[in-house]
There are 2 protein chains.
Amino acid sequence: MRRILSKPFGVMLVRILGIDPGTERTGYGVIEVSGQSLTCLDYGCIITDKGISLPEKLLSIHERATGVVAKWSPDIMAVEQVFFSHNARTAFQVGQARGVILLVAAAFGMELDELSPVEVKSAVVGYGNASKEQVKAMTRVILGLDRVPEPDDAADALACAIASSVKRTFKAHLERVEDRV
Amino acid sequence: MRRILSKPFGVMLVRILGIDPGTERTGYGVIEVSGQSLTCLDYGCIITDKGISLPEKLLSIHERATGVVAKWSPDIMAVEQVFFSHNARTAFQVGQARGVILLVAAAFGMELDELSPVEVKSAVVGYGNASKEQVKAMTRVILGLDRVPEPDDAADALACAIASSVKRTFKAHLERVEDRV
């Protein structure tokens, strides 16, 4: 599979797949990071049929997520950490879809990056208490899109991918600073 | 894939895979149902390495569960329903492993049978408040095993498969009675 490539002058080209898993709706967004510039390659939402069984829904999510990964060969999968202020039933439902998504990451040897909601909001908007609308608006600006990405699931997935790239850039910067000290 | 076969004199041969999923330990047990007789074909526990990442654990569970299904071609997957008296964190962890297991069921076109803990205990021991030890002892007796199946995860999985077969038999019996009325 494609690994992180070196471009001329040492600029790294990294592809990040942000993903927001759910048994009914799984948002995804693929971005390419080249130095400081971010490009949106693809985004969308895997919606499962209401009339099919849970195993069939999971199979559909697995097939379609595998299709996205096979098409874009992302290096990193970025997903939000799940917090448990929600009820256990919701956590269980999300868990089942998330298990299938993480399986795709492992099958393609992708690196997993788990981000807290605060990390995502801080990276995209600049502060950790930003509203959903602010996150969507800034996602559009950062990726230079003509319009705000829809639906929400896809926008969340793209925001997660952006946050992952910001974290990487920051980490790389810190490492350079440490090398100088 | 193998489908439910008719034996001479109309006795149905059905294979049931009971499974007790978890990210650290996934118990499984395969039984064959031929009329009133149950035979244990296989049981065991998929234990994931402590040192590997969650996606790698899920990949390992997926591969090994697929191996069991490919070997025995069960018609039905029997899993316990998860109740949410536990905390959300546990539900989420179990959910991730369960998603991967249900994916295997869908990929092989298996029928899914979800059983409540009370259904399992009632079917195996005769009353819904039975202890874990009673369930294990009766699992041994019902399947005619030389010793109590170990570890607990495998015994739970076998109990689940037995309960699924009891439910089927009872349902078939009810249908016959209804036909007569």
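To compare copies, their C-alpha atoms are superposed by least squares, using residues with pLDDT of at least 70 in both; pLDDT is the predictor's confidence in each residue, from 0 to 100. The structure here is a predicted model, so to speak of local features takes pLDDT of at least 70 and side-chain atom pairs count only at pLDDT 80 or more, while totals for chains, interfaces and linings use all residues. Residues are numbered from 1 along each chain as its sequence is written, and chains are lettered from A, with ligands numbered from 1, in the order in which they are written.

A rotation of 180° with 0.0 Å of shift along its axis puts chain A onto chain B, with an RMSD of 0.1 Å. The two copies are thus related as by a two-fold rotation axis. As for scores, the model comes out at ipTM 0.80 and pTM 0.85.

Where the chains meet, 29 residues of chain A are in contact with 29 residues of chain B, contact being C-beta atoms, placed from the backbone, within 7 Å. Helices (H or I, at least four residues) and strands (E, at least two) are DSSP runs, numbered from the N terminus. On the chain A side, the elements giving two or more residues are α1 (54–72) and α2 (88–107), and α2(A) supplies the largest share, 17 residues. By type, that side splits into 18 nonpolar, 8 polar and 3 charged residues. The nonpolar set is Ala, Val, Leu, Ile, Met, Phe, Trp, Tyr, Cys and Pro, the charged set is Asp, Glu, Lys and Arg, and the others, Gly among them, are polar. Since 100% of the interface residues of chain A are also interface residues in chain B, the copies meet through the same surface.

Within chain A, strands β3 (residues 25–34) and β4 (residues 37–47) pair in the antiparallel sense over 10 bridges; pairing takes at least two DSSP bridges between strands. A:Val30 sits opposite A:Asp42 in β4(A). The hairpin of β3(A) and β4(A) has 2 residues between the strands, and A:Gly35 there takes a positive phi near 60°.

Confidence in chain A averages a pLDDT of 89, with 92% of the residues scoring at least 70. Among its elements, α1(A) has the highest mean pLDDT (97) and strand β1 (residues 5–6) the lowest (47). Over residues 5–9 of chain A pLDDT stays under 50, and the model has 4 contacts beyond four places in sequence for them. Where pLDDT is low, the predicted coordinates should not be read in detail.

Methods
Two residues are in contact if their C-beta atoms, placed from the backbone, lie within 7 Å.
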